[in-house]
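Me: I am new to this structure and would like to know what stands behind the terms used for it. Please show it to me, and then I will ask.

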Amino acid sequence: MKILAIESSCDDTAAAVVEDGRNVLSNVVASQVPEHILYGGVVPEIASRRHVESIVGVVREAMHQSGCAYGDLDAVAVTYAPGLIGALLVGVNFAKGLSFATGLPLVPVHHLRSHIAANYLTHADLEPPFLALVVSGGHSHIVQVDSYTAFRIIGRTRDDAAGECMDKAARAIGLPYPGGLNLDKASADGDPKAYKFPKPSVSGSPYDFSFSGLKTAAVNLLHNAQQKGETVPVADFGASYIAAVVRSLTENTEKAALDCGAQKIVLAGGVSANSVLRRECGKLCKKHGWSLYMPELRYCGDNAAMVGAQGYYEFCAGKRADAALNARATMGIDVG
């Protein structure tokens, strides 16, 4: 079964053709990063306009690279939630038009479910059930994946997401967008014990996260140093800050996995590309004898191949949409 997938939830216009949810026939991504660097982050209006300009060419190239004609496809899958509403609408409306013109079934796909499904593209043997740590710029979740289309949220952030927290800290110390990625690179040789950051927790909810205090602590540290005329080494600051964020993520995941009896841990989302998070998750799983699954780096960020992977399982479960499909800026992974 071949599915054309479309992704436009943020600042990447992407299209892919995926076979049977595991085999990637093509995967094309048009990135807007060079333009958004000028503003220090994603500008929603600009992102939406660039999606409009790029989507026809991106889909055409994905079809060309796959060697498929529209008659070879079985469905069109598209990200419809969550994300920037204007950006999502571009992909959703294009997919609806394509579905109408070709007669192909339209499959709506939740963005975070797709990030988890990115692991199916990397690990042919991975099957639910498993526990997933989903970490991105806008989301930080611990999710019990009971089946390919059944998800239960075990823990979530109460305020900022881990990725957003890293981005803000990177910007505060003067690193360009994308902040989290550049902070990871800049701190490779830093001392993770150089600065002490608070250990965030949520009273009564051991699996939930809270990162706003970490962000405030980082900004205060930099402001205090500036007032004293001191220089904060980027590498040491970044290493210490990332260590604090990752410690919170892994400790809560460990608690959830032990309590749920999980034997398989899946890492997903844009922040799954972070080198420290990948390393510490490896140590955690080795400690307990758990199996760890992480997506290839090329599938960590937003892409359409992961949408095609999840779209396949949603299609098999009978999920369809019609011309009334609309984009949703927010939606829980357990309802999407």
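Reply: Below, terms are set against their definitions one by one.

Me: What kind of model is this, and which cut-offs apply to it?

Reply: This is a predicted model, in which local features need pLDDT of at least 70 and side-chain atom pairs count only at pLDDT 80 or more, while totals for chains, interfaces and linings use all residues. Residues are numbered from 1 along each chain as its sequence is written, and side-chain values use heavy atoms, with hydrogens and water left out.

Me: What makes tyrosine 148 and tyrosine 313 an aromatic pair that is stacked?

Reply: A pair of aromatic rings is described by the distance of the centres and the angle of the planes. Rings of Phe, Tyr and Trp (its six-membered ring) pair if their centres lie within 6.5 Å; planes under 30 degrees apart count as stacked, over 60 as edge-to-face and the rest as tilted. By this rule there are 9 aromatic pairs. For tyrosine 148 and tyrosine 313 the values are 3.8 Å centre to centre and 5° between the planes, and the pair is stacked.

Me: Why is this pair said to tie together parts that are apart in sequence?

Reply: Tyrosine 148 is in the loop between β7 (140–147) and β8 (150–156), and tyrosine 313 is in helix α10 (residues 305–316), so the pair ties together parts that are 165 residues apart in sequence. Helices (H or I, at least four residues) and strands (E, at least two) are DSSP runs, numbered from the N terminus. Both tyrosines also belong to a cluster in which ring pairs link Tyr120, Phe130, Tyr148, Tyr312 and Tyr313.

Me: Why is tyrosine 313 called buried?

Reply: Buried means under 20% relative accessible area, exposed over 50%, and partly exposed in between (1.4 Å probe, protein chains only). Tyrosine 313 has 11% relative accessibility, so it counts as buried.

Me: Why are phenylalanine 209 and phenylalanine 211 called stacked?

Reply: Their ring centres are 5.7 Å apart and their planes stand at 20°, so the pair is stacked. Phenylalanine 209 is buried at a relative accessible area of 1%, and phenylalanine 211 is buried at 0%.

Me: Why is α10 called largely enclosed?

Reply: Of the 12 residues of α10, 11 are buried, so the helix is largely enclosed by the rest of the structure. Among the buried residues are Ala305, Met306, Gln310 and Phe315. Arginine 320 lies over the face of phenylalanine 315, 3.8 Å from the ring centre; this term requires NZ of Lys or CZ of Arg within 6 Å of the ring centre and within 35 degrees of the ring normal.

Me: Which residues is valine 232 in contact with, leaving aside its neighbours within four places in sequence?

Reply: They are Ile173, Tyr195, Leu221, Leu222, Ala225 and Phe237. Contact means heavy atoms within 4.5 Å. Valine 232 is in the loop between α7 (212–227) and α8, and its relative accessible area of 14% makes it buried.

Me: What makes β8 and β10 edge strands?

Reply: The open sheet of 5 strands runs in the order β8-β7-β6-β9-β10, with mixed pairing. Each of β8 and β10 (291–293) pairs on one side only. Two strands pair if DSSP finds at least two bridges between them. Strand β6 (residues 130–135) and strand β9 (residues 264–268) pair over 4 bridges, in the parallel sense, and leucine 133 has leucine 267 in β9 as its bridge partner.

Me: What is the order of strands in the open sheet that has β3 and β5 as edge strands?

Reply: The order is β3-β2-β1-β4-β5, again an open sheet of 5 strands with mixed pairing. Strand β1 (residues 2–7) and strand β2 (residues 12–19) pair in the antiparallel sense over 6 bridges, with lysine 2 opposite glutamate 19.
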